[in-house]
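Please look at the sequence and the three-dimensional structure shown below. The paragraphs that follow lead through selected parts of them.

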Amino acid sequence: MSARKVLQGNVIIAKAALAAGCDFFAGYPITPSSEIAQYMSKEMPKLERTFIQMEDEIASLGACIGASLAGRKTMTATSGPGFSLMQEHIGMAVMAEVPVVIVNVMRGGPSTGMPTKPAQSDMMQARWGTHGDHPIIALYPAFAEEMFSETVRAFNLAEKYWNPVILLSDEVLGKAHMDVEIPEPGSYEVYWEQPRQIIDLNIYDRNIGENPPRVDFFHGYPIHIDGLEHDAHGWPSFDARTVDKMQKLRMQKIYQNLDDIIRYKEYFLDDAEVLVFSFGISARSALAAVKAAREQGVKAGLFQALTVWPFPRAALQERFKKTRKVLTVEMNMGQMKYEVERIAPPGVEKQNLLRANGMPFSPDEVLNAIKEMVR
Amino acid sequence: MKKFEIRYGAVGGQGIITAGALLVDIAVELENKFAIESPTYTAAVRGGPTKVDVIVSDEAIDFPHATAIDFFLCTDQRPYDIYKERLKDNAVVVVDSHLVRELGDTRNWKVYPVPIINETKVGAGNVVLTSVVSLAVTQKLTQVISYDHMVEHIKHWAPKGTVEMNLKAIEVGMNLIK
């Protein structure tokens, strides 16, 4: 017998959420994410945790935000159309600094698009879908073990930085049944800070760059939580100096901790002539392609982003000191390629493999594109 | 066996995704191989062309869709027409002889036209057993999993009260290929 099991990608995410201590799930099932809600609906009651099927995705995230403020670890799961509906509440969670994990199993869009076909077309929506300047964390696993570890990490980062964390996936990864070794409890970090009794009303008061504390909102003093810009008390304030400080607090808790937040994997890059930049299902094609390229004597390597937002800028820039050719592979009409272009120094040759017709790139398509660049 | 790629083609509802899921479970949990199964289907719950790719390997699998197919089993004409691409030379192809009538150029493949659906109904007694019949056909022609592991897993997997009929389905599948 093997320690490895066969699990559907969506179920790996759901199991990881339970392992991370998720004790509140509110969602509205949508293809290709439905099995996450389905699994949670079966397993949460057994553990005396809460599952609610809401009337829509707006209410789903609203319920998660409320439960999170009440001290729960919360998650919702959806796909593009539902993710669009959630954007307003993502802004609310950023503004009020509320931890929540939002899974988006990407399918073909826009609108209802192609429910049963994969896409990676919500990359920019994950970054800029809600209005206003805001910090966001988005993670995107590609392989079975990463689907577990990145889900746990999504909860840890949400709790640590009091911010919504978007966990991206796609139809192929969500629907595939794959062999996976689920790690033993205790072998991975589960971050949890016991909610603190409020000793005064300055719940948002802290120094810039400091992590916010988890506050026990419902035991102690009445406090105010608002989507309006607010002061340290949480009361609305449009005083320019206060706004400056609050914006910096929200931004810097993320951007001063990039080393903790950004994670990526590098394959065969040390002597690579071509760097393939990819993530999610496309990174799996790209890994097969760079291995095939190596077998044919072509020096290609893969940079696989696990944290897609904030963008792993510094690590990629380091690679561009030696590798002067980059191929971005993504299942959309061109989104993360702009991030690559922004940071690639002059003289780096940039090519892209882009497609959003529901067909993942096969490894030979990526291999051909690599070979074009070394010809 | 380094890497073996299998594709099942059907229309939604024929049970072919289950065949792929069973095969992956057996390969990983009983034979300690690496395996992945990825379905492709349409928004139609019933009747849309469907495929499921199964890769079984001695090594971890990077790309989850089949790209060089060793074995293709198909139970309907439409998925046959759409999904018969990427078959290797000398691939083994099994088609339902009643439901896939236009085979096209099959010179590079070894083709077995057999009445899968009909024999499932008549021999095993219920068309829902197509998945298990297809699994048995796959086992017999490819040896990608062992017969004993297949039987062991089906006994364990079959819902209460259905073990006998599922074992009968294995027998039907084994006898379909002479």
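In which loop of chain A is Pro32(A) found? Pro32(A) belongs to the loop between strand E2 (24-27) and helix H2 (34-46) of chain A. Helices (H or I, at least four residues) and strands (E, at least two) are here DSSP runs, numbered from the N terminus. The bond between Thr31(A) and Pro32(A) is a cis peptide bond, with omega about 5°.

The model is a predicted one: local features need pLDDT of at least 70 and side-chain atom pairs count only at pLDDT 80 or more, while totals for chains, interfaces and linings use all residues. Residues are numbered from 1 along each chain as its sequence is written, and chains are lettered from A and ligands numbered from 1 in the order in which they are written.

A cis peptide bond also joins Trp309(A) and Pro310(A), where omega is about -5°. Pro310(A) lies in the loop between strand E13 (307-309) and helix H11 (313-320) of chain A.

Chain A may next be considered by its domains. The assignment, which is automatic or from a database, gives domain 1 (5-180) and domain 2 (265-374). Taken over C-alpha atoms, the centres of domain 1 of chain A and domain 2 of chain A are 26 Å apart. Between them, 24 residues of domain 1 of chain A are in contact with 20 residues of domain 2 of chain A; contact requires that the C-beta atoms of two residues, placed from the backbone, lie within 7 Å. On the side of domain 1 of chain A that touches domain 2 of chain A, the largest share, 4 residues, comes from H5(A).

Chain B contains 6 helices and 6 strands, which follow one another along the sequence as β-α-β-β-β-α-β-β-α-α-α-α. Its radius of gyration, taken over C-alpha atoms, is 15 Å, close to the 16 Å that the globule rule gives for 178 residues, so chain B is as compact as a globular protein of that length. That rule is 2.2 Å times the number of residues to the power 0.38. The C-alpha trace of chain B spans about 40 × 40 × 35 Å along its principal axes.

Two strands count as paired if DSSP finds at least two bridges between them. Leu87(B) in E5(B) is the bridge partner of Ile69(B).

Strand E5 of chain B also holds Asn90(B), whose phi is near 70°, a positive value in a residue other than glycine. Asn90(B) counts as exposed because it has 9 C-beta neighbours inside 10 Å. A residue is buried if 20 or more other C-beta atoms lie within 10 Å of its own, exposed if 12 or fewer, and partly exposed in between, with C-beta atoms placed from the backbone. Phe268(A), with 17 such neighbours inside 10 Å, therefore counts as partly exposed. The phi of Phe268(A) is near 55°, a positive value in a residue other than glycine, and Phe268(A) is placed in the loop between strand E10 (264-267) and strand E11 (274-278) of chain A.
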